[in-house]
Amino acid sequence: MSRVSWRPLPGLERPALAAAPGRDAVLCAVVVALTAGVFAAVGDHGTLTSIQRLDDAWLRLMISGQAPPVTAIAKVFNILGLVYVTLPARIAVAGFLALRRRWWHLAAFTAAVVLSEVLIGVLKGVYERARPPESLVVTTGASFPSGHAVAASATVVAAVIALVPPGRRRAWWALAAVAFSILMGLSRAYLGAHWLSDAVAGILLGISCAVVTALMVGQIQRRVEGRQGAA
């Protein structure tokens, strides 16, 4: 029998990561490898000692450079990362995708959000890293990874993948999403709510959740619709 190749059927959704499946897989592998490397480094006592020196130096730099306007902006990012903001935003994106009947994109977005939230709790419990002293905002729980950074990056990157078609326009939106994630992470380190390495790990983990779930859901979609096309 000849092998039937997958092609999108008329009227069906294009997979979230549809431009080049092989390239998308490589991108996912790179992001996941970077994420795993950071988590492995923080989990190793010897490496953590060096990382902590860098974190301490960064915290001292942030304290010495604190200024009211910058602090006000950082506190705005603190509010943007709270569940009272992220949850309505996530519901809005999911509702829009449901209204447009883009069920595969909805599945990818929802999977990214759920996976990121599960990993935040699990990893904080595993690492149990203490937070920096004298945070400028109220904090709870362990420090590593930054929950604000994970939630922000997972939400905005997954939203871009789900809402913006592949192409140059998505690339620009993706850059904006990554920039927002970086600013969120830096704001956490600036406020003393997290160490710099907490923020870096959170950004990478959130992006990993978004791209991996999109890739996996896209693979499932191709198989399901490929069988429908063959039929």
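Leu27 is partly exposed, with a relative accessibility of 47%. This is a predicted model, and Leu27 sits in helix α1, which covers residues 21-43. Further along, helix α6 packs against helix α5 and also against helix α7.

**Leu27**
- Leu27 and Val212 are 185 residues apart along the chain, yet their C-alpha atoms are separated by 9.5 Å.

**α5 against α6**
- Helix α5 (residues 103-127) and helix α6 (residues 147-163) have axes that come within 9 Å and cross at roughly 170°.
- Angles over 145 degrees count as roughly antiparallel, so that's the label for α5 and α6.
- On the α5 side, the contact is made by His105, Phe109, Ala112, Ser116, Glu117, Ile120 and Lys124.
- α6 brings in residues including Gly147, Val150, Ala151, Ala154 and Thr155.
- Sorted by class, this contact has 10 nonpolar, 4 polar and 2 charged residues.

**α6 against α7**
- Helix α7 (residues 168-190) packs with α6 at an angle of about 170°, and the axes are 9 Å apart.
- α6 and α7 are therefore roughly antiparallel to each other, too.
- From α6, His148, Ala149, Ala152, Ser153, Val156, Val157, Val160 and Ile161 meet a set of α7 residues, among them Arg170, Trp173, Phe180, Met184 and Arg188.
- The class tally for α6 with α7 is 11 nonpolar, 4 polar and 2 charged residues.
- Ile161 of α6 turns up in the contact with α5 and again in the one with α7.

Definitions and conventions:
Residues numbered from 1 in each chain as written. Predicted model: local features only at pLDDT ≥ 70, side-chain atom pairs only at ≥ 80, totals over all residues. Heavy atoms only, no water. Axes fitted to C-alpha atoms, helices over the stretch in contact; angles between N-to-C directions. Helix = DSSP H or I, 4+ residues; strand = E, 2+ residues; numbered from the N terminus. Parallel < 35°, antiparallel > 145°, perpendicular 65-115°, else oblique. Contact = heavy atoms within 4.5 Å. Nonpolar A, V, L, I, M, F, W, Y, C, P; charged D, E, K, R; others polar. Buried < 20%, exposed > 50% of the residue type's maximum accessible area, 1.4 Å probe, protein only.
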